[in-house]
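Biologist: Please take a close look at the nonpolar packing here, and then at whatever ring contacts can be listed alongside it.

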Amino acid sequence: MMDKQILVILLVTACRSVMRASAETEDFFQTSSLSRAQDVRPRMKRDWIWNQMHIQEEMPGTLPHHVGKITSSVNRKNARYVLKGPEAGKGKLFGVNEHTGDVYAFERLDREKKSEYYLTAYIVDKDTNQNLEPPSNFTIKVHDVNDNVPEFAQRLFNGSVPEMSAVGTSVTRVTAVDADDPTVLGHASVTYNIIQGREYFTIDGSGTIFTTVHNLDREKQSKYEIVVEAKDGPGLHGESSTATVVITVSDINDNFPIFTQTNYKFVVPEDIRVGSSLGSLTVEDPDEPQNRMTKYSIVQGEYRDTFIIELDASRNEGIIKPMKPLDYENIKEYSFSIEATDPTINLRYLNKAPPKNLALVYINVTDVDEPPVFSQPFYHFKMPENQRVNSVGSVLAKDPDAAQWNIGYSIRKTSDRGQFFRITKQGYISNIKELDREIYPWYNLTIEAKEMKPQGNANGLESIAQVYIEILDENDNAPEIPHPDDAKVCENAAPGTLVTRILAIDKDITPPDVKFKYSLIKEDSNFTLTENRDNSANITVKYGQFDRERAKVHYLPVVIADNGRPSLTGTTTLTITVCKCNDRGEPTFCEEPEMQVGVSIQALVAIFLCILTIVVITVLIVLRRRLRKQDRAQGKNVAEIHEQLVTYDEEGGGEMDTNSYDVSVLNSARKSSGKPPGGKPPRPALDTRPSLYAQIQKPPRPAHPQAVTGEMAVMIEVKKDEADHDGGGPPYDTLHIYGYEGAESIAESLSSLVTDSSDSDIDYDFLNDWGPRFKMLAELYGTEPSHELIY
């Protein structure tokens, strides 16, 4: 059926083209005849003759396809037609018969690629190629054929719809485009259809997808993939294209939270800080995090004011926190019911009543060794000043634990640096020094309370409390006048002239009704005193005229009394300087009063301490110099003693040399001492230098080593006995060096002092002439010694 429709369309199009060409030809001939009949001018009018050309796309048949014909009124045998343009010419899309003007298409055209072609026609002379007529532009239009399948703009579309949406809710829209000419009826029309997923969704003619059910549940299925078909109109045997649409079901808050446990148990110490977390409660909520708004609350129990449950929004957990301090001694266990709900849930989406989200919480409190607790957070006491020893007040702290340890009290030293107070074991505070309010009106003490645990137990815990002691004022300071030496008077002052105005001050606390009384001790002076109503007084000139030659400075004692209980009186001496003044009464020359020079006791003590320090330093310097001199003298003696120590630094025979000792050296030492072998030879004192050093030689090797071994052992025992019983000899750890190599030593002695050069012809007596520095070498290598010393 579709093939027949296409064939009919092609035939109709061909007929239209033939009829249009016939009409054009007929018009051409009629126009030409009429023109020739009416034109009486000597020159014949010329013009192009053709209309707009048309051709069908994808035209069947063999190439080239005839498009149309271009003609002109020029009727010359030497004229030829030329076609120019981007798609015209030899080897290109369009060409023209230069003799007849027929235009041909050498390729099949596709309207979807290009629907119109713009060309230019020329008629030129064959010989000269000159234009016989001006060039003319014309258009070739390509007619559409329904030969394209609708294509989706993309192969994959995405859409979203909230869960539990009503039927008919719009999800998304898909678009397919047909490249055929939309002006031709039925060529560009598209029909949409869902071929997979139609049980949940439907689509209309515009490509909009809608829901067909109202119970899409994200918790059951969160994504749907449907296949949409785009089908063309008549003419292509119903060919179509498809696309996939992924529809995501978005979440809404339609589920209640459910506790993961029915019972929650927590164990916390009693010293947990108020407001800190002691545990967390967990629930299950299938909704997405942004739609979880769990609210935790205590529904039963008397502990609503003891605990609070706060929401951790990041994890949707309930955090239990204490609102009050926990006390193991009062309550060891707490139990209460809790509920979890979501106040933001939309109840119209629920199909059934929500379950009861209840659980039980058990909190066990463990005992902790707590520090003492004071009966008050701070203490405020008052006491009068100038009290020698007086009770201030008492503090009280108790051990909150079941052990009820005794409490010891102390005052932190940093809070009572002057050591003005003390505290007893019972917590009574008293002063041990008189307190002056004018120096320190307040004392802030830090009292420490510590558990008095017996020995063997852990150290007792302690706590502190602040004690504020306010010193009450007493009337213990007499009033006085500040700056009493600032008064000046002119020598020619008239009677009644104001000299100065005085106002007394009192270091004590002055009540609002304080009243000072002023009076002069000397009434016969040239000054008089008048009291004012504002607790001040005026000093005025009584007789007038001062004589600077007699007195340049006047000292005026003023008595001030207050109205305290008891009333105190003080005397301040005013220093009034007599000055020379000008006509306006302004002082022009005043001699400053002589300052009374005196040294206070504190200054004398400071001077004395400085002098004493200088004397002590001088004595120490002198003693140090003397000690240095003594050390130098002792150093010389020690150096002389050190010169007597001779180290031979000889190597022994090693462990293998056990039978090669030559006792002849030891026997010679005994003979030189003048004592029998069993006697105790005399030993020189450490501070005496031997007068003679023998040259130590290596003894000859014994013929019978085994016979010498026993004698050598006897000699060693004798030496040990001497070292043990000789109290006047060197210390027991004195190093005894025997200048003898073992029998099996290949290297023999390495010492420069033990040598076989006793038979040498070299005479070392010249060393005695080289001075004291070579005296020891002269004694070692000289020929005078006749004894041997064995170390």
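Modeller: Contact here means heavy atoms within 4.5 Å. This is a predicted model, in which local features need pLDDT of at least 70 and side-chain atom pairs count only at pLDDT 80 or more, while totals for chains, interfaces and linings use all residues. Residues are numbered from 1 along each chain as its sequence is written, and side-chain values use heavy atoms, with hydrogens and water left out.

Not counting residues up to four places away in sequence, Ile502 touches Ile481, Tyr518, Leu529, Ser536, Ala537, Ile539, Val558 and Leu574. Ile502 is also among the four residues, with Tyr518, Ile539 and Val558, that touch the most other members of the largest nonpolar core, a set of 25 residues. (A nonpolar core is a set of buried Ala, Val, Leu, Ile, Met, Phe, Trp, Tyr and Cys residues joined through side-chain atoms within 4.5 Å; buried means under 20% relative accessible area, exposed over 50%, partly exposed in between, with a 1.4 Å probe and protein chains only.) At least two residues of this core come from each of S37 (487-490), S38 (498-503), S39 (517-520), S40 (527-531), S41, S42 (553-561) and S43 (569-581). These strands are DSSP runs (E, at least two residues), numbered from the N terminus. S43 gives the largest share, four residues. In soluble globular proteins, nonpolar side chains tend to be buried together.

Strand S41 (residues 536-541) also holds Asn538. Apart from neighbours within four places in sequence, Asn538 is in contact with Leu498, Thr500, Arg501, Thr528, Leu529, Thr530 and Asn532.

As for rings, the structure holds 18 aromatic pairs (Phe, Tyr or six-membered Trp rings with centres within 6.5 Å; planes under 30 degrees apart are stacked, over 60 edge-to-face, the rest tilted). Tyr200 and Tyr224 form a tilted pair, because their planes stand at 55 degrees, with centres 5.0 Å apart. This pair joins distant parts of the chain, 24 residues apart: Tyr200 is in the loop between S14 (190-196) and S15 (201-203), and Tyr224 is in S17 (residues 223-232). Tyr200 is partly exposed at 30% relative accessible area, whereas Tyr224 is buried at 7%. Phe374 and Tyr379 pair edge-to-face, 6.4 Å between centres and 70 degrees between planes. Phe374 is buried at 11%, and Tyr379 is buried at 3%. Ring pairs also link Tyr303, Phe307, Tyr334 and Phe336 into a cluster.
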